[in-house]
Amino acid sequence: MREYTRFLQRCFRLSFVGTKLYKFWMLFLSVVALIGLNAWAKQAVGGLATTGMTDQVSWGLYIANFTFLVGMAAAAVMLVIPVYVYKNKDLHDLVIFGELLAVAAVTMCLMFIMADMGRPDRGLHLFMRFNWPISVLTWDVIVLNGYLALNLHICGYLIWCAYNERKPGKAFYIPFVFLAIFWAFSIHTVTAFLYSGLGGRPFWNSAVLAPRFLASAFAAGPAFLVLTLLVINRFTKYDVPRAALQTLRGIITVALTINMFLLGCEVFTEFYTDSTHAASAHYLFEGLGGKHALVPWIWTAIALNTFALVVLYSPFKRRVVFYAPACGAMIVGIWIEKGMGLIVPGFIPTPLGEVFEYVPTLNETLVCFGIWAAGLLLFTILVRVTIPVLSGELTKNKLYSTDSFS
Amino acid sequence: MLARPSTRRNFLRSGVQVVAGMGAFVSALKPLADFDVDTLGGVEGFLQKHYKEMSADDMKASLARIESDVKRRFDVDVVARDIKPVDGVEFVYALNLSRCVGCRKCVHACVQENNQSRSPEIQYIRVLEMPKGTLDIEKGNHHYDRPTVPDEDHFYMPIQCHQCDDPPCTKVCPVEATWTEPDGITVVDYDWCIGCRYCEAACPYWARRFNFAEPTIPKEELIAKKDAAEAKGEQLEVNYLSNRPRPVGVVEKCTFCLHRTREGKMPACLEVCPVGARKFGNILDSTSEVAQILKTKRVFVLKEELGTNPRFFYYFDERYPQDSSQKSFEGMPGMPEITRTHGASKGEPK
Ligand code: SF4
Ligand code: SF4
C-alpha cells in the first residue's frame, strides 16, 4: 500500500517533468481547461439557457461530443483484437496506449454528460430508481462505467506490474481483455440504440445507425492513435514499430470505406424514397424552408473523409506527410458527421415540422473546449507516465530515472 | 532528476507554481459565487424521495417546502396539494377541427392556469395553421400571425401532450421521473427529474418542455390569481404533479390540468375555447360526451403508425353547419343528417 501511494506520488511528480515543448503543451491545456471550467461555472449559475439548446433542438454540442467520444473509446479495441485474437506481435506493446485512450475518452464522455444534465446535483437518483432495463440510457450508464472500470483495471495492472518489475499474470488481465473487446462493441452499439430506438425521430430511427457508429468509430479512434504514436515516436525515445502503423492503416482504411458506404446507403434511401421522413436529410444536405446552417458542415465532412479515403488508397499513404493529415482530416470529418451531421439534424425539423435552427453559444463552446483540454491533459499525463514505466526506466528500484521526454 | 533532493530554490519555485495553479482554479470557479443555492431545494429537497415512495408524512413535508418555496420566490401564500386520481376514470380529449378557429386562447389560458415560466417562455399547446387539403403536420405554419382568424384557406390544429397509452417518453427516462397515472395522465415529478431531456427527444408530438433557466412568473399575476380565489372564498392552490411553480433544469408537460379535472372541472384550455372545439371527459363512462364522440364521429389520432395510442383524438364535423356563425356549444341539435361523401378531410374551419 505504501509502495502504491509512493508510485502515485512519483507519477504525479513525473507529469510535471519534461521538455519545454511538453511544459508548454501542458500549460496550454491547463489554461483551456480552466477557461472551460469558468464557462461551466457560468452555466451552473444561469442554467442551460447559457447554451444554444432549445425545446426544439434539445441536445446539442455536448451530446454530439459525447457520441463521438464513445466511439473513440470503443476504438481502443481495434488494437487489442489483432494482438490477442490474431496474435499480432507488432501491436502488442501498443495495446496499452489504446486502453489509455479509452480511459481518457470515457472520462470525457462522463464530463460531457455532466455538462448536459439540467440537474447534475440529482445524479444520485440514478442509484435510487434506476429504470433498467427499460431505458436505454440506463444501459449506457452501465456499459460506459463498466468499460471505464475494465480499462482502468487492465492498464493499471500492466503498469503496476512493470513498475514492480514483475511479469503480469495472464489470469489477472487476459480474461478482462477479452471481456473489454465485447464490451467495446456494446458501448457504441448501446449509444446508437439511444437514438435509433426513438420512433418519433425518423432520421435516427434506422437499423443502419449502430453499424455506422461502429464503422466511423473504428476509423476515427485508430486514426487518433496513429497521431498519438507519431507524436510519441517523434518526441520520446520510445520506438514505435513501423509495422504497427501499417496494421492500423489497414484497419482505418477498411473502417472508413465501410463508413462511407453506409452513409451512401442512408443517403440513397432517404433521397430516392423522398417521403416526408426525409425532411431532416433534406435540411442537412441542402437546407429546408430557407434554413441551411448545417449544409456547409456536412459537405466539409464529406470532403474531409473523401480526401482521407483517397490518400489511404493511393501510394502516398506510406509518407507520413500525407498519412498524418489524412488521419487528422478523418477525425475532424467524422466528428462533424456525428455531431452536426447526426445529432443536430435529428431534431430539425421538430416532430411537428417546425424548422428551428441550433446555434451553439460561445459559453457552451468554451465548455466543450475545456472538456477536451481536460481529457487531453489526462491522456498526456497517462502516456507520459506510462512510457518510462513500460520501458523499465521507472520502477520501484530505479529512483533516479532519466527523463525520457528529453 | 525525478527524486533528486530538491534545493530550496526548486522548492520555492514549485510552491509558487502550486499556488498559481490553485489561484487560477479558484478564479475559474468565481461565477459560482452568484449561485443561488435555494434553487436546488436545500438539504431536505436533496434527500426527498421519489413521488411513489413518499409516505403521507413525507408528502406533507414536501408540500410545506413547496409552499415556502413559492413564498420565497413570488412572495405569495399558496396551499400546495397532491390530488390523487379517481377510481374508474380515464381521461380522453377530443378536438373538433371543423370548429377550431386558431385564436390561440387555449395556449394562453394554459400558461395562466399552470404557472408556466414567461421568460424563458414555456407553452404546452402549439396551434398549427394547416393548408386545406392535407393532414401532414410538416406542412403546418407554427408562427402564423393574422389580424383576424380564421383564414378562409386554412384550418387550425392545436397540438399538446396526447397522454399516450404507450408513451415513448416514460420508457426512456433513466430515473422513472415520469410515468402514466391510473387515469391516463403522464406526469413528471419535478423534484426527481435529472434534466437529461431524453424524454424530450423521445416524444413524437413535441409535447415536453424544459426549464432552461429558473422559471419566472410575474408576482402581480399570482397575486391577482390569489385575490380572485379569495373573492370566491377559496385559497390559491398549486398541485405537486401539475401547476406548482417549477424548479430550474427539469422537464414539464401538459397534465390535462389534473388539479382541476380530478375534481370534476374541465381543463382550462377547454373552458376558454370560444367555439367549443374542445371536448373532454371520462372514457370509461359510456354516457360522457367524449365516449359519444368516439362512438359516433370519425375520429383519428396523429401519427397512429407509431403505436403510441394517444388519448387525444381529432375529428371533423360530418355535417354541414346550418348557420356559419356557430355560436352553439352543444353539438348541433336538429341538424339534417347529411353525410359528406367527399372532401371531409379538408375540414370546415367555419
Ligand atoms: S404526447 Fe409525448 S409527452 Fe405526451 S404522453 Fe405521448 S410521448 Fe409522452
Ligand atoms: S429529462 Fe427528466 S423526465 Fe425526462 S427522461 Fe430525463 S430525467 Fe426523465
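Start by selecting ligand 2 and the residues around it: by class, that shell has 9 nonpolar, 2 polar and 1 charged residues. Here Ala, Val, Leu, Ile, Met, Phe, Trp, Tyr, Cys and Pro count as nonpolar, Asp, Glu, Lys and Arg as charged, and the others, Gly among them, as polar. Among the shell residues you'll find Cys173(B), Cys193(B), Cys196(B), Cys199(B), Thr178(B) and Arg197(B); to get in, a residue needs a heavy atom within 4 Å of the ligand.

A quick word on what you're looking at: this is a predicted model, where local features need pLDDT of at least 70 and side-chain atom pairs count only at pLDDT 80 or more, while totals for chains, interfaces and linings use all residues. Residues are numbered from 1 along each chain as written, chains are lettered from A and ligands numbered from 1 in written order, and side-chain values use heavy atoms, leaving out hydrogens and water.

Next, click on Val92(B). It sits in strand S2, residues 91-96 of chain B; strands (E, at least two residues) and helices (H or I, at least four) are DSSP runs numbered from the N terminus. Is Val92(B) buried or exposed? It's buried, with a relative accessible area of 3% (buried means under 20%, exposed over 50%, partly exposed in between, with a 1.4 Å probe and protein chains only).

Now show what Val92(B) touches, skipping residues up to four places away in sequence: the list includes Phe280(B), Leu294(B) and Phe313(B), with contact meaning heavy atoms within 4.5 Å.

Finally, zoom out to chain B, with its 10 helices and 11 strands. Of its 350 residues, 52% count as buried.
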